[in-house]
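The following paragraphs go through this structure part by part. Please keep the sequence and the 3D view open while reading.

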Amino acid sequence: MLANTPITLGDPSTSRAIAVADFNSDKNLDIVTAGGAGFASRIYMNAGQAAFTGANVGDVNDDSYAVAVGDVNGDGLPDLVFANNGPTSVYLNRGAGVFELAAKLGTANSRGAVLVDLFGDALPELVLANASGDAAVYRNTAGVFALELTLPTGPTTSVAAADLNGDQRADLVFGRDTSTLPATPSGEVWLNTSAASGSFFLSDQLGASLNSAVAAADIDLNGSTDILVVNKTGAHQVYANSGTSSGAFNLFPQQLALPGALAVATGKFSVDARLDVALAGPGGIAIFYNDGAGNLGGGDLTPPTITLKGAASVTITVGDTYTDAGATASDALDGDLTAKIVTTNPVNTAQVGDYTVTYNVKDTSGNAATPATRTVTVKAVGGSTGGGGATGLEFLLGLGLAIIAARLNRRARGWQG
């Protein structure tokens, strides 16, 4: 359960972006924030037990819009890249919470950054979404970045990376603010076709709304990566992956609503294993649960159903062997849940009585089905179940004793005569 009172780390109004990682290899997640105009970016080292120590990272004049985390030089420590309103800053992690400025890249006003291996050499490249020009891809050679190519995206607001066409290579999706040309499609999908040199091609364009942020995740749970787009209209979209190598996407009918949203993240926020969506903006954070069919909202609220196999009432004779017929279970989203049924079977065939066998099951989202039950009656041999189950035997025994007593009584009277 989350605490009602949060731990406050600095003034949240001074930060534009946030990321988490274990920066000092102590197995505690630390926090880094990108400082806005006039405020330094900060790193908060987690000592455990809700104790964080904050320190500035970088120049107070950097005016950072985004932060990316990744092991730039292959030393096993996560490094930092800040996308700034000006040259982008690369800080190498020297351990113990110490970061060293290693490079300033470009002159564009960057709004988004991602560190991802684009060329299969195990080191992450740097991709920048630039507000004042085309997106830029920087090749990483032994921890040093050099401009590989620019993509003719025009001004962009955000960037995300994922394998979008199933070829085991990371592709790129950009959010764009096309306010000067409202009719121009906004979000763009660029597939990675790099060989010896970097190469990408535009495979799809996503709508015509003004984008604030983009993310990539398998929302409809079909094994291919979909795209989420946060729009300045307050109505946000999911584009479902067509599942082909072409990198084409189809607008999902459902839209998410949160006025003023500026950022999006995906994660497992509910009790199931499905990716949910969080939107954030000045008005707060909204969580949209995934119902398993690509719909985002309250989540899967429909419980599964259980169907008995065989009769609801069964009668057997004491001493017989009882084999329960079982039950089946199904769910609208999870399908066949029969294997997950939990059966409580108290039947004792050595004891006369009425027993209730109960069947329970839950779906992936934790919805419990209405329990199903079966009544099993164990009766006495040749009789009913009343009187503790021995009525016939007691009657015969009593009758035999009565006959013996009568005979003895007659003999006694004969002796007396």
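Two strands are taken to pair if DSSP finds at least two bridges between them. The model is a predicted one. By that criterion, four strands make up an open sheet, arranged β21-β22-β23-β24 with antiparallel pairing. The edge positions are held by β21 (263-267) and β24 (296-297); each has a single partner strand, so one side of each lacks a neighbour in the sheet. Between β21 and β22 (residues 276-281) there are five bridges, and the two strands pair in the antiparallel sense.

Aromatic rings come next. How many aromatic pairs does a search of the whole structure find? The search finds two. In one of them, F23 and F99 are edge-to-face, with 5.6 Å from centre to centre and 80° between the planes. F23 belongs to the loop between β1 (15-21) and β2 (30-35), while F99 is in strand β8 (residues 98-105), so the pair ties together parts that lie 76 residues apart in sequence. Both F23 and F99 are buried. F82 and Y91 have ring centres 5.9 Å apart and planes at 80°; since planes over 60 degrees apart count as edge-to-face, this pair is edge-to-face too. F82 is buried, at a relative accessible area of 1%, and Y91 is buried as well, at 6%.

Another ring, that of Y65, has charged groups over it. The charged end of R16 sits over the Y65 ring at 3.8 Å from its centre. R111 also lies over the face of Y65, and its distance from the ring centre is 3.8 Å.

Next, turn to N130, in strand β10 (residues 125-130). Is N130 buried or exposed? Its relative accessible area is 4%, under the 20% limit, so N130 counts as buried. Not counting residues up to four places away in sequence, N130 touches A108, N109, S110, A135, A136, G154, P155 and T156. A polar atom of the N130 side chain lies 2.9 Å from the backbone oxygen of D134. R176 is 46 residues from N130 along the chain, and the C-alpha atoms of the two are separated by 9.6 Å.

The last stop is strand β13 (residues 158-162). Four of its five residues are buried, so β13 is largely enclosed by the rest of the structure. β13 runs antiparallel to strand β14 (residues 171-175), and five bridges join the two. Within this pairing, A162 has D171 of β14 as its bridge partner.

Note on methods
Residues numbered from 1 in each chain as written. Predicted model: local features only at pLDDT ≥ 70, side-chain atom pairs only at ≥ 80, totals over all residues. Heavy atoms only, no water. Phe/Tyr/Trp six-rings, centres within 6.5 Å; stacked < 30°, edge-to-face > 60°. Buried < 20%, exposed > 50% of the residue type's maximum accessible area, 1.4 Å probe, protein only. Lys NZ or Arg CZ within 6 Å of the ring centre and 35° of its normal. Contact = heavy atoms within 4.5 Å. Polar contact = N/O pair within 3.5 Å; in protein donor to acceptor, adjacent residues only side chain to side chain.
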